[in-house]
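Thanks for asking me to look this one over. Could you open the sequence and the model side by side before reading on?

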Amino acid sequence: MKIIVLLKRVPDTEAKILINSKGSGINEEGVKFIINTYDEYAIEEGLKLKETVGGDSTVTVVCMGVEESTEIIRTALAMGVDKGIHICDAALEKATPAVIATVLAKAIEDNGFDIIFCGKQGIDYDMAQTQAFLAEKLDIPQVNVIAEFKISEDNKKVFLLRRIEGADEKVEADLPVIISCAKGLNEPRYASLPGIMKAKKKEIKKLTLADLDSSGASEEKKSTIINWLPLPKSGECKIIEGEEPGEKAVELARLLREEAKVL
Amino acid sequence: MNYQLSEEERMLQKTAEDFANKSLAAVAVESNERGEFQEDIYKQLGELGFLGMTLPEKYGGVDFGNFCLALSIEQISRVCASTAVAISVHNSLVNWVILNFGSDEIREKYLPMLASGETLGAYALTESNAGSDIGSIQTSAVRKGDNYILNGSKLFVSTGDKAGVVIVFARTDPENRNQGLAAFIVEPDFPGFSIGKVEKKMGLKASSTVELVFEDCVVPVANLLAEEGKGMEIALGGLDGGRIGIASQALGISQAALDEAIRFARERKQFGTRIIDFQSTRWKIADMVTKLEASRLLVYAAAKSRDRGEVTTKLTSMAKLFSTRAANEIVNDSLQIHGGVGYTSEFLIERLYRDVRALEIYEGTSEIQKMVISREIIKEYDRIFPE
Amino acid sequence: MNDILIFGEIRNGELKRVIKELVTAGRIVTEGTGGSIDAVLIGKGASDLSKNIAGLGIRKTFCVDDNLVEKYSTEGYAKVLSDLITDSGYGYIFFGATAMGRDLSPRVAARVDGVMFSDCVDLRFQDGRCIAKRPVYSGKLFVEIAPVGKIPVFITLRPNNLPPADSAAGETETEMRPSGVMEDMIRALATEIIPMAGGRPDITEAEVIIAGGRAMKDSESFEILGELADLLGGAVGASRAVVDAGYVPQSIQVGQTGKIVNPKLYIACGISGAIQHLAGMRTSKVIVAINKDSNAPIFERAHYGIVGDLFEVVPALTEEIRKLL
């Protein structure tokens, strides 16, 4: 079985994110970059599936991103992934999900695939679109944000559980399929030291747009970010006044709903 | 500071960091409070390769070397110094000694199980009358046919009650103080081996420290490392690397103390001001971070020098002396920044304060390090600029 | 391209509330384009449920209700929507940023060669185009993003950000529409929905945490917090003091020695706000403090505060929120 896992390099969850001096993006100075958190669950599920299915199954990570992304690919290889594909091309720097999907689809088709795992979203732009765009390009079904994964005996069907609002949704899907993963699905393994040693010898195939013969990047731009805005400063604590506790509670509920918008 | 780690070193550091922050942090508070040894943690450390870091692949090791071991111990120490000391003893004392002084047969027998973490190693050197003064060891080993018979007891053996492999130093020649020692591999199920007093310590509570008692303990001749009379050389050779381990432990504790201090000082307000904005706090922080980075330079240099196969006696002693002293000062300053709450067990700094004290004592006190350093530097002068 | 389509999500036989907010979003755009707002409801009971959005100034509501769309499938629903969009040439298509909306919208966008803005929190219309505001980097920043050229724009809107639309004049025409879905188009299908059992989410994952501190008297008193937590699908948290007292398990302890949490809403009840507790919850989006002591340090970190007895305030709050939801 050919298992594909999508990988993205993003700023560390703990990093302080500030707008750059031009106001055209974030200031990357001093920011540590990591494997997109949700992609770790995708890697783990891919590796687990390989262990389940056995045979000559392979797990291949596909990563589009800057030169430095090699390091996260290497980490995935150290976790047990067999092979890496790194698509690195300056023309893709600000690619939109549609373009990314076009390019990824080409690389994945060239490699061959039976199932694709990805994170539920990148923790940088938080768009959560690439999966669906890619599914459409490859003409395969998609299942989003799963909490449980099982495969049929004949490896042709998957049984999934999606966490939706206040309920779990059981989903059945035919292979090939693309599945997005989130926290709770599994406990991603560490890159072990023997794994790090072995990773040195594994292949990372480097591709540019020319190699992929992909017209995707020439697609015209469909959207533009016109402003980067910082978070509004958190103000003073608003002490809710009232005659008696019930009255204060009513006012609090109103503020939480209408002002803070958390209810 | 940028220490120009290779991709592989960064990956290893990240694995150690992640393991410390997730798996270890999840149990560290409780196991230190209750004084519990976390067997599961060592099992995981073994699976990840941290217990065979300096061993060749043919013995199941990963052969990453002393510098990578230092990076790993540093990360583990940030979260649990007790676990770090066990890793240090296991790798730099036990594994190193067996690799360098064991026969092929002994290496094949013991190293794979040590590398995989199937069993832990302990180092039984100290006795009630032989601390810094190794030449005063009294535990005796008498050859009787195919065995040695050991009698005596060893103190302050880290994880001595959990280990499956114990390196024991004993006297084979009562007449020859320094050249009359030998090192043996002892397994807990050898007849005559028992565990004595379990120490109640001030800190490092998630790692046990015990007395080991040998009453006519039968050890096969094959388990003698190198030969009779080599004991002192083996003990000191092991400590050369062990001291880098302890120095790395100092780095991790110092980093944790610095992190805690800055985190706390940013939150804490007094007189309407965050205490991090007071000059008294800032000067402390400046001193702390400078001492920490200076320690790192020394410790990393020592580890890299050992990886190049150089004689590191003076450098490792300097690294240990400086970094463990610095760690004690940094932890002390961090606690002072915390004020009253730092004195309660609610805050990590309280544990760090208790743990860090051991570092200037074990594997050679600061005083011993100074003896070593001065002896070595005077030797160098005597050679280069004779009187 | 001047008209707007809004997607009405049917779950468990009910129409999701967010649809009224989508109407508001639609109005922001149509005020600029001069177009009309249409709605589409897919699934069982679509026709009946369409009555819920009468009187909001919607021009036409399409109802699609046959066997093949009875249960949600990305591909089935995407087929319905893409056909409708292709037939009618909508310029903007709005979804709630729900599990379904987040799944469906990008698939349809991909199919009709559109562009999508996810999880938007605000909209404005300027220079002939809609500008959407959305959080990035896990809510650490926002961007304003606009479409380029004449293409269908898909927007998922986070619930509770725009006000629900008030009534507006005009009849809403209802049109039953065949799904056009064939069985073999659906390769992934939701077969069953299992309502979540009483089990509460883990505090590290919960979006809402109701936490109790020293003022809690015993383990039973935590039930009033549990009631509010369950109502909001959240978790109950605790400070170290009550964990040490043995009232609640360590697994729900928030703070430096407990867990670090980051919910959207953190309600601290009878928690003074010791620094070690604050360290575990300071990144919560909205912090509410309920405490008898007006000098408690928790008020310095909170966005909203009530000085009062939690045993009076919390039950009243639960009752009020139950009415609102």
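My notes follow as numbered points.

1. Ground rules first. This is a predicted model, in which local features need pLDDT of at least 70, side-chain atom pairs count only at pLDDT 80 or more, and totals for chains, interfaces and linings use all residues. Residues are numbered from 1 along each chain as its sequence is written, while chains are lettered from A and ligands numbered from 1 in the order in which they are written.

2. Let me begin with chain C as a whole. It holds nine helices and 18 strands, where helices (H or I, at least four residues) and strands (E, at least two) are DSSP runs numbered from the N terminus. Its C-alpha trace spans about 65 × 45 × 35 Å along the principal axes. Of its 325 residues, 55% are buried, a residue being buried if 20 or more other C-beta atoms lie within 10 Å of its own, exposed if 12 or fewer, and partly exposed in between, with C-beta atoms placed from the backbone. Among contacts in chain C with a separation of 6 or more, 65% come from residues 24 or more positions apart; two residues are in contact if their C-beta atoms, placed from the backbone, lie within 7 Å.

3. Next, the domains, whose bounds come from an automatic or database domain assignment. Chain C is divided into domain 1 (4-185) and domain 2 (208-324), and the centres of these two, taken over C-alpha atoms, are separated by 37 Å. In chain A, the division is into domain 1 (2-218) and domain 2 (232-263), with 42 Å between the centres, again over C-alpha atoms.

4. Have a look at strand β4 (residues 37-42) of chain C: six of its six residues are buried. Side chains in a regular strand alternate between the two faces of the sheet. Here C:I37, C:A39 and C:L41 lie on one side and C:D38, C:V40 and C:I42 on the other, all of them buried. Five bridges join strand β1 (residues 4-8) of chain C to β4(C), and the two run parallel; strands pair if DSSP finds at least two bridges between them. In that pairing C:L5 stands opposite C:D38. Another five bridges join β4(C) to strand β5 (residues 60-64) of chain C, also parallel, with C:L41 opposite C:C63.

5. One sheet takes in strands of both chain A and chain C. It is an open sheet of ten strands with mixed pairing, in the order β11(A)-β5(A)-β4(A)-β1(A)-β6(A)-β10(A)-β7(A)-β8(A)-β9(A)-β13(C). β11 (204-207) of chain A and β13 (188-195) of chain C are the edges, each with a single partner strand, so one side of each has no neighbour in the sheet. On average, neighbouring strands of this sheet are turned by 30° against each other, direction ignored; the axes are lines fitted to C-alpha atoms, for helices over the stretch in contact, and angles run from 0 to 180 degrees between N-to-C directions.

6. How many residues of chain C are in contact with chain A? There are 66, and they meet 66 residues of chain A. On the chain C side, the largest share, eight residues, comes from β13(C). That side divides into 37 nonpolar, twelve polar and 17 charged residues; Ala, Val, Leu, Ile, Met, Phe, Trp, Tyr, Cys and Pro count as nonpolar, Asp, Glu, Lys and Arg as charged, and the others, Gly among them, as polar. The two chains also pair through strand β13 (residues 238-239) of chain A and strand β18 (residues 304-307) of chain C, parallel and joined by two bridges, where A:K238 stands opposite C:Y304.

7. Chain B touches chain C too: six residues of chain B are in contact with six of chain C. The chain B side has three nonpolar, no polar and three charged residues.

8. Finally, within chain B, helix α3 (residues 65-79) and helix α7 (residues 279-307) pack at an angle of about 150°, with their axes 6 Å apart. B:G65, B:N66, B:F67 and B:A70 of α3(B) meet residues of α7(B) including B:V299, B:Y300 and B:A303.
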